[in-house]
Amino acid sequence: MIVCSCNVLTDAKIRDIVTGGMCPRTPGAVYKCLGCSPNCGRCIATLRTIISEALAETTPTGTLCLTNRELDEESLCPL
Ligand code: FES
């Protein structure tokens, strides 16, 4: 299902990036990892819900979780 129509982001794509090793924890960090940025912002609340659900399903052991600031500082985003 498309969650962000401005960037054509699906819930599956968001879950994949959140649980794929980098696990960005904010909508801004998700956008950064996916190489895009928010436009209208209508999807932010839905993104937060998907991020929370995905992180709750992810085992914290061995997972590197980064904040938006850490992503900026580390430039570790693989995308
Ligand atoms: S719907 Fe996501 S920024 Fe517009």
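Analyst: Helices here are DSSP runs of H or I with at least four residues, strands are runs of E with at least two, and both are numbered from the N terminus. The helix taken up here is H1, residues 11–19.

The model is predicted, so local features are given only at pLDDT of at least 70 and side-chain atom pairs only at pLDDT 80 or more, while totals for chains, interfaces and linings use all residues. Residues are numbered from 1 along each chain as its sequence is written. The pLDDT, the predictor's confidence in each residue from 0 to 100, averages 82 over the protein, and 73% of the residues score at least 70. Strand S1 (residues 2–4) has the highest mean, 97, and helix H4 (residues 68–74) the lowest, 58. Where pLDDT is low, the predicted coordinates should not be read in detail.

Burial is judged by counting other C-beta atoms, placed from the backbone, within 10 Å of a residue's own: 20 or more is buried, 12 or fewer is exposed, and anything in between is partly exposed. By that count Ile14, Ile17 and Val18 of H1 are buried. These residues span an arc of only 100° around the axis, so they lie on the same side of H1; the arc is taken from the directions from the helix axis to the C-beta atoms. An α-helix has 3.6 residues a turn, so residues three or four places apart point the same way. Ala12 and Asp16, on the other side of H1, are exposed.

The cover over the buried residues of H1 includes S1, strand S2 (9–10), H2 and helix H3 (44–57). Contact means C-beta atoms, placed from the backbone, within 7 Å. A nonpolar core is a set of buried Ala, Val, Leu, Ile, Met, Phe, Trp, Tyr and Cys residues joined through C-beta atoms within 7 Å. The largest has 16 residues, and Ile14, Ile17 and Val18 are among those with the most contacts inside it, along with Val30, Leu47 and Ile51. H1, H2 and H3 are the elements giving two or more residues to this core. Beyond its neighbours within four places in sequence, Leu47 contacts Val3, Ile14, Pro27 and Val30.

Just after H1, Gly21 has a positive phi of about 115°.

Terms used:
Contact = placed C-beta atoms within 7 Å.
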